[in-house]
Amino acid sequence: MATSIPTPYNWSIQSIPMAFGLGLVPHLYFTGRLILATKGKNSTAMPRTNLDTWKGKLPEALWCQLARARGAHINSLEVFPLFAAAVLAGKAAKLPASDLNSMALTFLGARTLYMALYMTITNDTVAYARTGVYAWSIGIPLVTLWRAGQQASV
């Protein structure tokens, strides 16, 4: 008698909005901290100019921290399509749910670490650690896309 082993629940599709939401964290920090620092005098009509407008008017350490938060947010938006494509390609290629779940969890963890490093490292030499974590984080969906492509060609 053949028994079937139940496959784990595939939550990798749900990880797509989770990854997008994770990328909003530094933006929310940037916006909230800027509103507090400027006592609400930042522009809501032209929000993308706020960082330039307040350069030299805010303490340099705060301005640099806000610039790093904005950079972490932008980087998250740049990496997000690669991750979403990897999840969808993996699903379409019928990669194992456990593999897709592991990939998604590892990606979310790597991106959380990357954003924390991006927002807190102020030393150019130590910033290479952030670069290493960045390479790791984008390698995860790249490997998944490669595997999906191999599976689809079988």
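Leaving aside its neighbours within four places in sequence, which residues is V79 in contact with? Contact here means heavy atoms within 4.5 Å. The partners are F107, R111, Y134 and I138. V79 itself is found in helix 3. At 4% relative accessibility, V79 counts as buried (buried, under 20% relative accessible area; exposed, over 50%; partly exposed, in between; 1.4 Å probe, protein chains only). The C-alpha atoms of V79 and L95 are separated by 21 Å, with the two residues 16 apart along the chain.

The structure is a predicted model, in which local features need pLDDT of at least 70 and side-chain atom pairs count only at pLDDT 80 or more, while totals for chains, interfaces and linings use all residues. Residues are numbered from 1 along each chain as its sequence is written, and side-chain values use heavy atoms, with hydrogens and water left out.

The chain holds five helices and zero strands. Its pattern along the sequence reads α-α-α-α-α. Helices (H or I, at least four residues) and strands (E, at least two) are DSSP runs, numbered from the N terminus. The radius of gyration is 19 Å, well over the 15 Å that the globule rule gives for 154 residues, so the chain is more spread out than a compact globule. That radius is taken over C-alpha atoms, and the rule is 2.2 Å times the number of residues to the power 0.38. Along the principal axes, the C-alpha atoms fill a box of roughly 75 × 35 × 25 Å.

Buried residues account for 37% of the 154 in the chain. Of the contacts between residues at least 6 apart in sequence, 75% join residues at least 24 apart. The accessible surface comes to about 9,300 Å² (Shrake-Rupley method, 1.4 Å probe). Carbon and sulfur atoms contribute 66% of that surface.

The largest nonpolar core has 36 residues. Such a core is a set of buried Ala, Val, Leu, Ile, Met, Phe, Trp, Tyr and Cys residues joined through side-chain atoms within 4.5 Å. F30, L34, L58, L66, F83, M103 and F107 touch the most other members. Two or more residues come from each of helix 1 (12-37), helix 3 (60-92), helix 4 (97-120) and helix 5 (127-152). Helix 4 gives the most, with 11 residues. Neighbours within four places in sequence aside, L66 is in contact with Y29, F30, R33, L34, L51 and L58.
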